[in-house]
Amino acid sequence: MIRMHNPPHPGEVLREYLGDVTVTAAAKQIGVGRVTLQRIVTGASGVSPDMAYRLGAAFGTSPELWAGMQLQYDLYQASKISRPKIERLSVTTSM
């Protein structure tokens with residue numbers, strides 16, 4: 001998977017998909033609470049696999065689209081964290 005440079009949070013994309021539809025109306029349509037959907041739109045929460053399926057059904061997209069956006073966002077955020085140097089494991093296999 002090719003990583004995007006500074007990918008948007010899926011909530012930013014969701015905000016565009018919603019257009020003139022309110023978060024309240026969209027939440028009711030997909031069967032979640034308004035606060036749950038609002039937290040995604042504001043970037044306070046991520047898109048879970050269940051939510052990816054709900055959004056895919058609501059917008060005629062694939063759940064992989066939403067899950068993939070979340071994964072790219074999470075990987076980019078994780079790439080900015082300082083970590084200790086980790087040496088590669090030497091693994092032998094016997095077959």
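1. Which residues of α1 are buried? In this predicted model, the buried residues of that helix are Pro10, Gly11, Leu14 and Leu18. Around the axis they cover an arc of only 95 degrees, which puts them on the same side of α1. The cover over these buried residues includes α2 (23-30), α3, α4 (49-59) and α5.

2. The contact between helix α1 (residues 10-18) and helix α5 (residues 63-79) brings their axes within 9 Å, with a crossing angle of roughly 145 degrees. From α1 the residues Pro10, Val13, Leu14 and Tyr17 take part, and they meet Leu65, Trp66, Met69, Gln70 and Tyr73 in α5. Sorted by class, this contact of α1 with α5 has 8 nonpolar residues, 1 polar residue and no charged residues.

3. A further contact of α1 is with helix α3 (residues 34-41), where the two axes come within 7 Å and cross at roughly 115 degrees. Since angles of 65 to 115 degrees count as roughly perpendicular, α1 and α3 are therefore described as roughly perpendicular to each other. On the α1 side the residues are Gly11, Glu12, Leu14, Arg15 and Leu18, and these meet Leu37, Ile40 and Val41 in α3. By class, the contact of α1 with α3 has 5 nonpolar, 1 polar and 2 charged residues. Leu14 deserves a separate mention, as this residue is listed in the contact with α5, is listed in the contact with α3, and is one of the buried residues of α1.

4. The segments on either side of α1 contain backbone angles that a colleague may wish to inspect. Just after α1, Gly19 takes a positive phi of about 60 degrees. In the segment before α1 lies Asn6, whose phi is near 50 degrees, a positive value in a residue other than glycine.

5. For α2, the buried residues are Val23, Ala26, Ala27 and Ile30. These residues cover an arc of only 100 degrees around the axis, which puts them on the same side of α2, and the buried residues of this helix pack against α1, α3 and α4. The face of α2 turned away from its buried side carries Lys28 and Gln29, both given as exposed residues. Just after α2, Gly31 takes a positive phi of about 80 degrees.

6. A UniProt annotation, taken from an unreviewed entry, assigns "domain: HTH cro/C1-type" to residues 22-66. In the model, the C-alpha atoms at the ends of residues 22-66 lie 19 Å apart, and the span is 69% helix and 0% strand. Trp66, one of the α5 residues that meet α1, is at the end of the annotated range, which covers residues 22-66.

7. A last point concerns Leu71, which is placed in helix α5. With a relative accessible area of 41%, Leu71 is partly exposed. From C-alpha to C-alpha, Leu71 and Ala52 are 12 Å apart in space, while in sequence they are 19 residues apart.

Notes
Residues are numbered from 1 along each chain as its sequence is written. This is a predicted model: local features need pLDDT of at least 70, side-chain atom pairs count only at pLDDT 80 or more; totals for chains, interfaces and linings use all residues. Side-chain values use heavy atoms; hydrogens and water are left out. UniProt positions are given in the numbering used here, feature names are shortened, and annotations may be inferred rather than shown by experiment. Helices (H or I, at least four residues) and strands (E, at least two) are DSSP runs, numbered from the N terminus. Axes are lines fitted to C-alpha atoms, for helices over the stretch in contact, and angles run from 0 to 180 degrees between N-to-C directions. Contact means heavy atoms within 4.5 Å. Ala, Val, Leu, Ile, Met, Phe, Trp, Tyr, Cys and Pro count as nonpolar, Asp, Glu, Lys and Arg as charged, and the others, Gly among them, as polar. Angles under 35 degrees count as roughly parallel, over 145 as roughly antiparallel, 65 to 115 as roughly perpendicular and the rest as oblique. Buried means under 20% relative accessible area, exposed over 50%, partly exposed in between (1.4 Å probe, protein chains only). The arc is that of the directions from the helix axis to the C-beta atoms.
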